[in-house]
Amino acid sequence: MAETMHDLLRALHISTGFVGLAAFWIPILVRKGGRLHVAAGRVFAGCAYVVALTALGSTSWALLHPASWAGEPASLSQIPADQIMFVVILGFLGLLLLDGVEQGVRAMRARHQPDRFVGWRRRFLCHAMGAAGLALAVFGLYHVVRGGGGLFWIPVALGGAGAAGYFDDRRSLANPRPTPMAWWYTHMGGMIGSGIAFHTAFLVFGGQRLWGGALMQGAWSFLPWILPSVLGFPALYFWVRHYKRKFGELPEQAAQGAPARAAGRGDGLGRA
C-alpha cells in the first residue's frame, strides 16, 4: 500500500512538474495581460500548487516515517546525512515554490484592493519560509563543522537566502502597495521566483534521472543548484527595472515628479 502511494505521489509530482515547466515560459514570451498570458499563467499556477504540495507531502513522509517511505526498515538516524539533505532541500524548494506562487497569484487578485493581499496564508508562508530557511542553514552548518564536506554548503546558502527573503516578505506585508504598479512587480517576483524553484528542482532531482547522475559529478557538480538563481534573479531585477521605468516609478523618476502611467489591470503592460 505504501509503495503504491509513493508511486502515485511521485507520478503526480513529476507529470505536473513537466507541464508546469512548459507553461512557465508562455507568459514570459507572449503579450502581458493577454488571454494566452492569463491562461498559461493559470496552468502554471495550478501545476505549481500541486508540485509544491506533493514535494512537502513527500518530505514530511520521509522524515516522519522513513521506513514506509523508503520501502525498507530504516530509522532517520540510519539514513546518511547527504540523503537527508536532498530530502529536506526538496521540501524547502516546495515551500519556496508555494510561497512564490501564492505571492504572485494574490498580488494579481488583490491589484484593485491592496488590503486583500495580506491574508493568513501570506503571513503563514512568510513565517514558515523564515523558519525553514534558518533550520536548513543550521542543518548545513552543523554538517560542515562536523566535516561532512563541501556539499553541505548548499543548504547553508539556500537556507540563508530563504531566511533573508523573510525580511522582504515582511516589508511587502507591511506595505503591499508603495506605488500604483507595485502589484505588478510583486506578481512578477512571485511567479519568476516560482519558476526558479521549478528549474532548480528539475535540474537537481529530475535532471539526474534523465542524465544518469552526470550533472552531479566532477568540478561543476554545484552548477545545477545555482544556475537557475544565477540566471533568474538578475533577469528579474532588470525586468522589474524595465517596467518601473515604463511606468515612471524608478526612484529618480519619482524624485522628478514623473507620474505613474498605469494603475489598473494590465494597463500599459504590453510586451516585455
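Here is a short tour of the salt bridges in this predicted model.

Before you click, residues are numbered from 1 along each chain as its sequence is written, and side-chain values use heavy atoms, with hydrogens and water left out. Because the model is predicted, local features need pLDDT of at least 70 and side-chain atom pairs count only at pLDDT 80 or more, while totals for chains, interfaces and linings use all residues.

What are we looking for? Salt bridges: a side-chain nitrogen of Lys or Arg within 4 Å of a carboxyl oxygen of Asp or Glu. Searching the whole structure turns up six of them.

Start by selecting Glu102 and Arg106. Their closest N and O atoms sit 3.3 Å apart. Both are in helix H4 (residues 81-109), four residues apart, so about one helical turn separates them. (Helices are DSSP runs of H or I, at least four residues, numbered from the N terminus.) Glu102 is buried at 3% relative accessible area; buried means under 20%, exposed over 50%, and partly exposed in between, with a 1.4 Å probe and protein chains only.

Next, pick Asp169 and Arg122, a salt bridge with 3.8 Å between the closest N and O atoms. Asp169 lies in helix H6 (residues 153-174) and Arg122 in helix H5 (residues 120-145), so this pair ties together parts 47 residues apart in sequence. Both residues are buried.

Last stop: Arg171 and Asp168, whose closest N and O atoms are 2.2 Å apart in their salt bridge. They're three residues apart in helix H6, about one helical turn. Exposed or buried? Arg171 is exposed, at 53% relative accessibility, and Asp168 is partly exposed at 46%.

Conventions: Helix = DSSP H or I, 4+ residues; strand = E, 2+ residues; numbered from the N terminus.
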